[in-house]
Amino acid sequence: MIKKRTAAQKAATEAKKNKDDYNRWRSRQTSFRLSEEEFAQLSMYVKLSGKSKQEYITDRVLNRDVVVQGNTRVFKALRDTLAEVLAELRRIEAGGEVSPELNGTIRMIAGIMDGLRGEDDKG
């Protein structure tokens with residue numbers, strides 16, 4: 001049997017979604033435009049972080065550290081992105097140059113892997 005949520009349950013869920021870690025209302029919106037390449041790069045960074053796009057962008061804009069929590073979703077994103085990086089490196093192996101986007105992707109993956117390695121050393 002499927003239960004319908006009451007109006008109070010819906011309101012509680014919405015209130016929870018619209019508050020930050022300090023229980024402040026998130027009532028303000030902002031937007032900006034990106035090129036297709038920038039959007040793809042941002043989406044990939046968000047996927048690798050394991051955070052929502054809102055959380056990732058907020059952390060970056062406010063100059064906070066983006067802490068990646070290792071989980072299956074992050075592992076799959078790393079695996080898929082590494083496969084894409086490998087394919088791109090094979091494509092440019094014949095003497096092409098590494099694009100700034102690919103270089104940024106490699107640096108981000110290396111940072112995540114270093115952080116995950118640090119977690120293994122602690123635990």
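User: Which helix gives the largest share of the lining of the largest pocket?

Analyst: Helix 3 does, with nine residues. The term helix denotes a DSSP run of H or I with at least four residues, numbered from the N terminus. The model is predicted: local features need pLDDT of at least 70 and side-chain atom pairs count only at pLDDT 80 or more, while totals for chains, interfaces and linings use all residues. Residues are numbered from 1 along each chain as its sequence is written, and side-chain values use heavy atoms, without hydrogens and water.

User: What makes this space a pocket, and what makes a residue part of its lining?

Analyst: A pocket is an open set of points, on a 1 Å grid over the protein atoms alone, where a 1.4 Å probe fits and protein lies on both sides within 12 Å along at least five of seven lines; a lining residue has an atom within 4 Å of a point. The largest pocket holds about 980 Å³ of space. It is lined by 29 residues, and those closest to its centre are Arg-26, Gln-54, Glu-55, Ile-57 and Thr-58.

User: Why is Asp-59 called buried?

Analyst: Asp-59 lies in helix 3 (residues 53–61). Its relative accessible area is 8%. Buried means under 20%, exposed over 50%, and partly exposed in between, with a 1.4 Å probe and protein chains only. The value for Asp-59 is therefore in the buried class. In the protein chain of 123 residues, 20% are buried.

User: Which residues is Asp-59 in contact with, beyond its neighbours within four places in sequence?

Analyst: They are Lys-51, Arg-64, Asp-65 and Val-66, where contact means heavy atoms within 4.5 Å.

User: What makes the pairing of Asp-59 with Arg-64 a salt bridge?

Analyst: The term requires a side-chain nitrogen of Lys or Arg within 4 Å of a carboxyl oxygen of Asp or Glu. For Asp-59 and Arg-64 the N to O distance is 3.3 Å, so the pair meets the definition. Arg-64, at 37% relative accessibility, counts as partly exposed.

User: How many salt bridges does the whole structure contain, and how do Arg-79 and Asp-80 qualify?

Analyst: The search finds four. Arg-79 and Asp-80 qualify with an N to O distance of 3.4 Å. Arg-79 is partly exposed at 46%, and Asp-80 is partly exposed at 34%.

User: Why are Glu-88 and Arg-91 said to be separated by about one helical turn?

Analyst: The two stand three residues apart in helix 4 (residues 72–92), which means a separation of about one helical turn. Glu-88 is partly exposed at 25%, whereas Arg-91 is exposed at 56%.

User: How do you know that the span of helix 2 is close to the expected value?

Analyst: Helix 2 (residues 36–49) has 14 residues and reaches 20 Å from its first C-alpha to its last. The expected span is 1.5 Å times one less than the number of residues. For helix 2 that expectation is 20 Å, and the span is close to it. Its buried residues are Leu-42, Met-44, Tyr-45, Val-46, Leu-48 and Ser-49. Gly-50, with a positive phi near 80 degrees, follows helix 2.

User: What is the pattern of the protein chain along the sequence?

Analyst: The pattern reads α-α-α-α-α, with five helices and zero strands.

Key. Points joined across faces, edges and corners; volume = space filled by probe spheres on them.
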